[in-house]
Amino acid sequence: MALTKIKFAPGIDKQDTAVGAEGRWVDSDNVRFRYGLPEKVGGWQSLLTDTIVGVARKMLPFVDNDGNRYVAIGTDKFLLVYFEGQLFDITPLKADITSATIATVDTSATCTITTSSAHGINVGDIVLFDSVTLPGGTGFSASDFEDKNFQVITVPSPTTFTITMGSAASGTVAAGGSITLKPYEPVGPAAQSYGYGFGIGNYGGTITGVVQTELDGSLNADTAGTGGSGTAVTVDSTTDFPASGTIAIANELITYTSKSSTQFLGITRGALGTATIGTSNGQAHSTNAVVQNATDFTGFGSAVEASTVTLEPGLWSLSNFGEVLIATVMNGKTFTWNAGIAARLTTRASTTTSGFATNNNPTATRSTLVSPTTRHLIHFGTETTIGTPSTQDDMFIRFSEDENINAYTPEATNTAGTQRLQDGTKIMGALVAKENILVWTDNSLYTMKFVGAPFTFGFEQVGTNCGLIGQNAAIEIDGVAYWMGNNGFFSFDGTVNSLPCSLEDDVYDNIDTTKGQQINAGINNLFTEVTWWYPTSGSDFNNRYVAYNYGEDNARLPMGNWYGGTNTNSIRTTWIDSLIYPKPYATAYNSTATGTFPAIVGETGLGRSVLFEHEIGTDQINPDGSTTTLTSFVQSFSFSLQKDQSEIFLAMRRFLPNFKVLTGNNQVTIGITDFPAESLSDSTLSPFTINASTNKVDTRARGRYASIKIENTGSGEAWRFGTFQVDLQPDGRR
């Protein structure tokens, strides 16, 4: 019989059924559509043999006045610079803590550091040791500590914390010696999570030097105490905890009325909405779980139910003022780093950088950017009284004098000023667009445009019910902004447009919107793609992506050219387009691996990020030079074999593969089914291995519906599929 050509429109359609998505592809991974044809994405390779400690959340490429190229990388722990194939640590430091002492225990790697006053250090913080003089008998030498970074493991009291050495002490020594501590400026947690109001954990309101201990025995998911009985929680020690108050164990709050040396007495489990969901019981906790003091709340001063507050992850805003990097910690301070000085690679970012100080800037700001033509430094969601964090207003904007990033007092002779937005509860993000600065709240979009004296900037609300889901979930290209909201995708080209998406239900039925601040958007202008990487329910970190090809729309695609995937190797936490560098750069995060830079003694649970260059080769090249195979696939809708003859089964006898590009092997699988509701079954002889010399493939496939799946499973393989031609014949009645 004559060959039948079956055509497919570009993009993935998951809004319809596999049979109803006529002429479409219905699933894919590591595939893009270019000129209407599906193809495997390009590979990527690590730019470094080092890996980054922690999860990268923001990158910024920029150039100094001599033409040197840099990438600033902000993680949940550090601020780094990538320059000429190397990483440099430029993380700002807090004020020195002098005359600290150290204590060791024989055969234990745990060392206790004691300070003369409250140190303000929290679990997980990084501390640089300097000017180390050790007491005798520890078995360590000063060089084991000098100029080394340590991770804080526990904080038993406001004046003590512990670190873990790489080896055990050879003696028990009481607090002695002398150490100067240089704490790193804290950034925030690696993952976004539910909070308990403004008092628990390190961010969103802090308890400075939070007191903690460990459970001595387990707690069940009930209303009782240790071991499932009584009204007492047993711990290692209650020293430094209040006589009565509240403790936090993981996501549960427990109140108590009194204490003994090792017990909290008169407890009430699951306080403030933190019980097991759907019950009044507490949550289950294993022995040795960390117990923190949650009695004293700072910030706004009162707690709310856990289900109504999320603690945002550690984020950075990065922008450049010429060759000067401006870096703002979310809800924290703003620092600068001058790429134009000779000692730049050994100098840390600071609020007192010579000529570019920010010590007069607000000290609590959600995000910042530099206006492109007037060079104002703009703070979004910032303090109404500079230097007073408790006055931070999430809807308040403050901008500096033009060309002076450290002057914020509005005067008749300068252009500094303020503005408060109205629609929404907090500013989520901002970026520089073609003619405006775009400012998103959680509900609306505003434009911010320079208008001159006396107002400096004019603000106009241009959209509502179109808020931004996360600070890094918006991107702009060719005068059009694209972003992800809590309930859909949007674009702005002078008018806010809802962006039809053929994957919308698949995305929003699975996404964890409480982790919106972890979502990252990236532009790949080499292939006219906008990609969003996002976390699904049950995942702590990004584990899926969805891409929109803004350059490949046509009349056959009323819901746009969209595709996505779940391949672990493809997930990114940051992305920068090919602009300063010829290829895109991106970071991938593994929460169970260990990073190598900066070197951290006692590092545990921080994970690692790898910096990749994209669109290189066909596979993933790892930091150690090994290759990870980059697999890909695309699957079609279930097309009818029988056309209009519903009572006749048809058989597929052969098909002609037609690849525009094929390097190595490819597999083609024919799936068949008799009814739309049935799952596809592989046809006899499937899958078929195809290579560049394959002209036709003989097969035996019988049924009412069939689909094709094109995939590669080996390394060094690349492909771009063309058309599908098949020989169909009648094959009986039913």
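1. Two strands pair if DSSP finds at least two bridges between them. Helices (H or I, at least four residues) and strands (E, at least two) are DSSP runs, numbered from the N terminus. The notes below use both terms throughout.

2. This is a predicted model, in which local features need pLDDT of at least 70 and side-chain atom pairs count only at pLDDT 80 or more, while totals for chains, interfaces and linings use all residues. Residues are numbered from 1 along each chain as its sequence is written, and side-chain values use heavy atoms, with hydrogens and water left out.

3. Confidence comes next. pLDDT is the predictor's confidence in each residue, from 0 to 100. Its mean over the protein is 90. A value of 70 or more is reached by 93% of the residues. Residues 197–209 are below 50, yet this stretch has 47 contacts in the model beyond near neighbours in sequence. Residues 297–308 are also below 50, with 27 such contacts. Contact here means heavy atoms within 4.5 Å. Where pLDDT is low, the predicted coordinates should not be read in detail.

4. What is the secondary structure content? The protein has one helix and 60 strands. Its radius of gyration (taken over C-alpha atoms) is 29 Å, close to the 27 Å that the globule rule gives for 734 residues, so the protein is as compact as a globular protein of that length. The globule rule is 2.2 Å times the number of residues to the power 0.38. Along the principal axes, the C-alpha trace spans about 90 × 70 × 50 Å.

5. Burial and surface. Of the 734 residues, 56% count as buried. Buried means under 20% relative accessible area, exposed over 50%, and partly exposed in between (1.4 Å probe, protein chains only). The protein exposes about 28,500 Å², and carbon and sulfur atoms supply 47% of that area. These areas come from the Shrake-Rupley method with a 1.4 Å probe; for residues, only the protein chains shown count as cover. Among contacts with a separation of 6 or more, 63% are between residues 24 or more positions apart.

6. Strand S7 covers residues 56–63, and six of its eight residues are buried. Its antiparallel partner is strand S8 (residues 69–75), joined to S7 by seven bridges. Lys58 has Gly74 in S8 as its bridge partner. S7 and S8 form a hairpin with five residues between them. Gly67, in that turn, has a positive phi of about 90°.

7. Sheet S27-S28-S29 is open, with three strands in that order and antiparallel pairing. Strand S27 (316–321) and strand S29 (334–338) are the edges; each has a single partner strand, so one side of each is left without a neighbour in the sheet. Neighbouring strands are turned by 20° against each other on average, direction ignored. Axes are lines fitted to C-alpha atoms, for helices over the stretch in contact, and angles run from 0 to 180 degrees between N-to-C directions. Strand S28 (residues 324–329) pairs with S29 over five bridges. Ala327 has Phe335 in S29 as its bridge partner.

8. Sheet S38-S39-S40-S41 is also open and antiparallel, with four strands in that order. Strand S38 (474–477) and strand S41 (496–499) are its edges, each pairing on one side only. The twist averages 25° from one strand to the next. Strand S39 (residues 480–484) and strand S40 (residues 489–492) pair in the antiparallel sense over four bridges. Tyr482 stands opposite Ser491 in S40.

9. Most residues other than glycine have a negative phi, and most peptide bonds are trans. Pro454 lies in the loop between strand S36 (444–452) and strand S37 (456–464). The bond from Phe597 to Pro598 is cis, with omega near -10°. Pro598 lies in the loop between strand S47 (585–590) and strand S48 (600–601).

10. Two non-glycine residues carry positive phi values. Ser99 has phi near 60°. Ser99 sits in strand S11 (residues 97–104) and is partly exposed, with a relative accessible area of 48%. Glu615 has a positive phi of about 60°. Glu615 is in the loop between strand S49 (608–614) and strand S50 (620–621). Is Glu615 buried or exposed? At 13% relative accessibility, Glu615 counts as buried.
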